[in-house]
Amino acid sequence: MIHFVLLVSRQGKVRLAKWYSAYSQKERAKLIRELSAIILTRAPKLCNFVEWMGLKVVYKRYAGLYFCMCIDQDDNELEIIDIIHHYVEILDRYFSSVCELDLIFNFHKAYYILDEILIAGVLQESSKRVVGRLIDAQDSLVEIAKEQASLVSSIIAQATK
Amino acid sequence: MGSQGGFGQSKEFLDLVKSIGEARSKAEEDRIVLHEIETLKRRISEPDTPKRKMKEYIIRLVYVEMLGHDASFGYIHAVKMTHDDSLSLKRTGYLAVTLFLNEDHDLIILIVNTIQKDLKSDNYLVVCAALNAVCRLINEETIPAVLPQVVELLGHSKEAVRKKAIMALHRFYQKSPSSVQHLVSNFRKRLCDNDPGVMGATLCPLFDLITIDVNSYKDLVISFVSILKQVAERRLPKSYDYHQMPAPFVQIRLLKIMALLGSGDKQASENMYTVVGDIFRKCDSSSNIGNAILYECICCVSSIYPNPKLIESAADVIARFLKSDSHNLKYMGIDALGRLIKTSPEIAEQHQLAVIDCLEDPDDTLKRKTFELLYKMTKCTNVEVIVDRMIDYMISINDNHYKTEIASRCVELAEQFAPSNHWFIQTMNKVFEHAGDLVNIKVAHNLMRLIAEGFGEDDDNADSQLRSSAVESYLRIIGEPKLPSVFLQVICWVLGEYGTADGKFSASYITGKLCDVAEAYSNDETVKAYAVTSLMKIYAFEIATGRKVDMLPECQSLIEELSASHSTDLQQRAYELQAVIGLDARAVEIIMPSDASCEDIEIDKNLSFLNGYVQQAIEKGAQPYISENERSGMLNISNFRNQDQHEASSMHSLRFEAYELPKPSMPSRIPPVSLASTTELVPVPEPSYLRETQKVASSPSVSNADSSELRLRLDGVQKKWGRPTYSSSETSTSSSTSQKTVNEVSKVDGTGTVNSKAHDNSYSSRKPQVEISSEKQKLAASLFGGSSKTDKRGSTVGHKAGKASSHAVEKPQTTKAPVKSTAVETIVVQPPPDLLDLGEPTVVSSSPPSVDPFKQLEGLIEPTQVTSSVNHGVVGANKSPDLMGLYVETAESGPSTDDANPLSGLTNSDFKNAHEGIATQLSKGPNTKHSLEKDALVRQMGVTPTSHNPNLFKDLLG
């Protein structure tokens with residue numbers, strides 16, 4: 001299973017961190033520090049895998065962002081690379097050619113999308129279309145809710161005038 | 001803009017993100033975040049914050065926490081937000097709590113109620129949000145609260161809900177298998193779900209269930225096989241295709257399950273052969289995902305009942321992986337090889353050179369994987385080479401976790417396959433010297449036991465040789481600074497026990513060394529204790545043989561110092577030493593018999609030897625002894641004695657304190673004290689330890705005998721690689737001696753003889769090449785048992801040389817891949833000398849631009865300029881063939897993905913996806929427009945990241 005997903009920029013800044021196994025805040029900080037030190041310094045041509053504390057971390061670089069996933073010893077690393085890529089492709093569709101800035105300002109949306117792809121540390125949906133549809137449904141509902149809210153507040157505002 | 005890249009947050013938040021993005025140091029960032037935390041703390045607790053504002057605060061909390069700061073003050077507000085009726089707020093609330101809270105958090109109990117309510121909602125999106133939270137937050141205790149609803153949702157009309165419900169049950173199963181034991185049939189039912197997503201999700205819990213209990217699911221083999229067949233035949237909806245592969249993630253899961261079901265079951269395996277064979281044939285090996293499936297096929301093939309045809313296909317794929325330029329594939333190849341050699345060990349041989357290449361690769365990950373493979377294929381014939389390599393690597397790394405692992409592997413292999421006692425001791429010395437503090441203390445005890453007992457043979461001579469060689473090596477090592485404590489304990493013990501045994505070293509020499517140790521490591525009490533006891537033993541042996549004991553002055557001062565030590569343990573030992581020295585030879589010999597560490601010590605628990613004395617005392621009118629139980633029983637009754645008990649207990653507590661002091665060192669020490677306290681006068685720690693090990697002794701001795709039997713056969717082989725000193729017998733086979741000469745010759749003077757022997761001619765003029773190849777060849781021979789015949793080796797030389805030449809150029813990392821690719825191409829056609837000549841200058845000249853292309857790229861914002869400059873750099877600096885230049889260029893632009901070149905930057909791994917890539921590219925028709933809009937928006941917001949990170953605007957997908 002996937003123990004955590006980490007997006008780290010080339011400068012070592014965390015862009016997204018999702019934990020599927022229990023780690024305390026302290027452990028998280030330590031782990032991020034250690035891992036980014038290892039991964040950011042690796043030369044470009046080497047394996048996309050790092051063995052780490054009895055687990056394996058699969059990472060892949062997209063522009064200035066490193067997508068990392070930590071998995072068990074007996075998981076398939078190549079599959080994880082493609083899960084990462086799957087995620088990036090969906091992000092790309094959603095933000096229409098996603099860039100790091102999109103993720104910085106809309107990190108919560110990146111989380112929502114990740115929640116539709118991975119659940120409890122395993123891949124739950126491998127169809128881009130299905131994920132896209134769900135996210136859109138959620139977004140549109142949110143939009144409707146927003147409109148309603150503003151409508152209600154305007155009505156209240158008028159009434160209280 | 002809505003979701004499409006617009007930023008729905010307030011200016012304040014954008015400014016926060018921006019200022020953090022521009023922070024120059026961690027300290028500055030921390031300051032900003034702390035300030036933000038203060039603001040949030042204040043705002044969030046204001047009474048009537050509007051809900052929309054509140055939502056943003058929660059998201060800001062998530063941000064703060066993501067940056068590694070504590071946002072726990074706001075957790076309760078996130079929990080509150082989950083109660084909200086609006087989906088938008090609810091979703092934010094759930095997101096925040098799933099990120100903030102672990103399942104053991106106290107606040108969980110406040111959410112369970114909300115989750116229960118939401119699971120019943122009419123809106124399936126609310127249900128989905130709740131199920132996401134269920135997967136993350138529900139713990140063993142709260143499972144029953146939501147379980148009935150989750151089970152009900154398995155029949156929900158929306159597939160997304162069914163899928164998540166399955167996953168939630170899977171999570172429950174992981175948390176507490178008993179809670180969902182009665183629901184297992186549901187998983188089987190969902191396997192037939194109409195929706196492929198739900199079916200795929202069901203495979204996860206089934207995999208777990210099957211892992212635990214294979215036999216109950218054998219009936220599903222046929223279903224799994226037929227599902228896999230249908231998937232492979234593209235019967236699933238197109239939307240499940242991924243890079244032209246039909247539902248690859250489902251295929252991988254199915255293969256994993258089949259590996260479990262077919263393991264050791266011929267009948268089940270036979271059902272699988274066809275479909276696995278089909279996948280082998282159909283799989284597109286040029287894409288990453290195709291290789292992922294192929295790898296999973298190999299895992300499956302090596303796990304199920306062996307089928308020669310499939311094994312052959314698997315071996316082909318492994319060969320392809322290992323020959324690939326991609327480190328990822330090499331890594332997978334090594335791993336797959338490790339799996340397949342369990343069923344067909346002969347496969348390893350044909351890949352020996354590839355394996356050695358991986359072993360020498362600069363990539364640590366690959367190296368470690370290769371060590372794992374070597375560990376799996378260690379035999380008595382190659383143990384020396386492998387363990388030596390492992391130790392060398394172990395010395396070179398800093399990662400304590402891995403160091404521990406590799407050290408324990410070395411120990412394990414050495415114990416299992418040691419060809420000679422001497423080698424074993426040497427190896428253990430090295431392991432202890434470099435990783436002593438990391439290995440288990442038991443390993444040290446094992447070593448002591450081994451030295452004391454020998455290898456379980458009845459040859460006393462060999463045993464004493466072993467001991468004296470151990471003593472000698474320790475005396476050599478002992479002077480080195482900063483030895484690990486565990487190792488020093490072993491050294492002290494061995495020196496004490498056997499230091500003077502063979503008469504080579506005088507007692508004063510050994511005691512001097514021991515005193516040095518005790519002084520040098522004066523804050524390590526355990527070591528000091530070992531040293532003192534060893535001193536005592538040496539003096540005792542001296543006295544027993546009738547020699548006069550002259551205590552060295554430094555020894556005397558040490559003892560005096562220790563007899564005033566804070567540690568009662570050390571004090572006791574010091575006093576005992578002084579007492580023993582004062583005794584006469586006969587008494588000493590009884591107390592401290594020489595070389596008796598293996599003798600059984602019988603403990604007379606009843607102290608029967610005192611019977612006569614006690615009898616006498618009773619006759620003289622003493623009170624008979626009353627056992628403690630009886631005494632305390634009486635105490636309860638009589639008030640009078642109660643006082644006594646008080647006294648006793650107070651005495652108890654006093655004594656307790658006294659013994660408390662040395663506690664810190666207690667766990668790490670062999671339990672001598674317990675014995676010492678019972679017998680008071682005979683404070684010999686070893687017997688108690690040995691008595692303990694006595695029980696274990698029988699089993700290792702069996703295995704030892706075993707290994708020693710095997711050892712006989714490999715005396716010859718050992719010579720091939722091993723140092724000449726190890727070789728104890730002269731009866732090596734002729735082939736190995738000839739090998740040895742090859743070895744020496746090649747070392748002494750370069751090339752001539754080696755070439756005439758091993759290679760034909762053409763490229764023999766290249767010295768380094770030949771040397772490496774012959775060295776590699778030897779390494780290969782020693783690793784792979786040398787079972788490859790000489791003619792066979794000859795035939796592989798061409799290949800080797802190709803590799804070797806590539807290796808020679810490999811050192812400067814940057815151009816490795818291109819050169820290697822040419823080298824691989826020319827494996828059969830031998831590499832013309834020109835190539836190498838050309839190769840080296842290119843390495844030197846092209847390295848400046850390729851050292852860190854990113855740095856360069858970052859400095860230049862204009863993408864076109866960047867590419868042109870890179871191109872320029874490459875072309876200008878590189879006189880090599882075009883192919884190479886091209887390769888370098890793509891290789892560089894791959895990861896850095898410059899905008900101007902969308903296709904090359906598509907993805908690093910799969911150029912084959914051009915199809916889909918183009919499709920997405922097309923769908924992104926207004927691409928530039930979009931990014932322009934984004935850019936404009938960002939600038940409008942005032943968020944213009946300074947030029948030091950233009951990457952922010954770069955499309956992730958190229």
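Student: How is an angle between two helices to be read in this predicted model?

Tutor: Axes are lines fitted to C-alpha atoms, for helices over the stretch in contact, and angles run from 0 to 180 degrees between N-to-C directions. Two packed helices are described by the angle between their axes and the distance between the axes. In chain B, helix H7 (residues 124–137) packs with helix H9 (residues 159–175) at an angle of about 15°, and their axes lie 9 Å apart. Because angles under 35 degrees count as roughly parallel, H7(B) is roughly parallel to H9(B). Their crossing is left-handed.

Student: Which residues of H7(B) and H9(B) meet?

Tutor: From H7(B), the residues include B:Tyr124, B:Val127, B:Leu131 and B:Cys135; from H9(B), they include B:Val161, B:Lys164, B:Met167 and B:Phe172. The residues of this contact divide into 12 nonpolar, one polar and two charged.

Student: How much area do chain A and chain B bury between them?

Tutor: The size of an interface is often given as the accessible area lost when the parts come together. Here chain A and chain B bury about 8800 Å², with 56% of it on carbon and sulfur atoms. In this interface, 87 residues of chain A are in contact with 100 residues of chain B.

Definitions and conventions: Residues numbered from 1 in each chain as written. Chains lettered and ligands numbered in written order. Predicted model: local features only at pLDDT ≥ 70, side-chain atom pairs only at ≥ 80, totals over all residues. Heavy atoms only, no water. Helix = DSSP H or I, 4+ residues; strand = E, 2+ residues; numbered from the N terminus. Parallel < 35°, antiparallel > 145°, perpendicular 65-115°, else oblique. Left-handed = near helix turned anticlockwise from the far one by under 90°. Contact = heavy atoms within 4.5 Å. Nonpolar A, V, L, I, M, F, W, Y, C, P; charged D, E, K, R; others polar. Buried area = accessible area lost by both parts, 1.4 Å probe.
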